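I opened a new notebook page for this structure.

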Amino acid sequence: TVVRLLSMGVESFNLASSLTAIVAQRLLRCLCSKCKVLDTTATPDLLVHCGVHPKYAPKIQVFAAPGCEHCHYTGTKGRIAVMEVMVMNDPIRDAILKGMSAKDLKRVAMQSGMRTLRQAALNKMVQGVTGIIEITKNTAPDIWDVAGSTTTAA
């Protein structure tokens, strides 16, 4: 959002002083509760590739739904929103004023405690609400954090 507003000609000092928060949202399909089963294809390596911290990947159970009469054989029933909220703070304002790239700005926001769309979606997967395919189709992978490890899901 910040980069887009800058490319539209909004001055960085105006953005830094007037923004209070930016929200991104995606709707994910919920797994059907009637036919939900353990997804044996979701290996720890696949979970790590999707952004789960290697420490937690072997402990996570992932579900899928093959479809049934209740869900009209789709495997899904309803949708749930996942959100990424970037609340403005001094480090983010400084990054905007310095003209940092979108990737660097996201890194600063994550270091300031922002939970990304992928992280929010992974949390819904861990809760058994949605499946791994829905996450990979609807959210972008996160950037690597400073320590060189991926984001956590738990």
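I note at the start that this is a predicted model.

**Entry: two helices in contact.** I began with Pro91, Ile92, Ala95 and Ile96 in H4, which meet Leu105, Val108 and Ala109 in H5. I sorted the residues of this contact by type: seven are nonpolar, none is polar and none is charged.

Next I looked up how the two helices lie. H4 covers residues 90-97 and H5 covers residues 102-111. They pack at an angle of about 170°, and their axes are 9 Å apart. Angles over 145 degrees count as roughly antiparallel, so H4 is roughly antiparallel to H5.

**Entry: helix H6.** I asked how many of the ten residues of H6 are buried. I found nine, so I wrote down helix H6 (residues 117-126) as mostly covered. The buried ones are Leu117, Arg118, Gln119, Ala120, Ala121, Leu122, Asn123, Lys124 and Met125.

What covers these buried residues? My list includes strand E1 (21-31), helix H3 (44-50) and strand E4 (76-87). It also includes H5 and helix H7 (132-138).

I then looked past the end of H6. Gly128 follows this helix, and its phi is positive, near 85°.

**Entry: aromatic rings.** I searched for aromatic pairs and found zero in the structure. I did find a charge over a ring: Lys36 lies over the face of Phe63. I noted 5.2 Å from the ring centre for Lys36.

Conventions
Residues are numbered from 1 along each chain as its sequence is written. This is a predicted model: local features need pLDDT of at least 70, side-chain atom pairs count only at pLDDT 80 or more; totals for chains, interfaces and linings use all residues. Side-chain values use heavy atoms; hydrogens and water are left out. Rings of Phe, Tyr and Trp (its six-membered ring) pair if their centres lie within 6.5 Å; planes under 30 degrees apart count as stacked, over 60 as edge-to-face and the rest as tilted. A charge sits over a ring if NZ of Lys or CZ of Arg is within 6 Å of the ring centre and within 35 degrees of the ring normal. Axes are lines fitted to C-alpha atoms, for helices over the stretch in contact, and angles run from 0 to 180 degrees between N-to-C directions. Helices (H or I, at least four residues) and strands (E, at least two) are DSSP runs, numbered from the N terminus. Angles under 35 degrees count as roughly parallel, over 145 as roughly antiparallel, 65 to 115 as roughly perpendicular and the rest as oblique. Contact means heavy atoms within 4.5 Å. Ala, Val, Leu, Ile, Met, Phe, Trp, Tyr, Cys and Pro count as nonpolar, Asp, Glu, Lys and Arg as charged, and the others, Gly among them, as polar. Buried means under 20% relative accessible area, exposed over 50%, partly exposed in between (1.4 Å probe, protein chains only).
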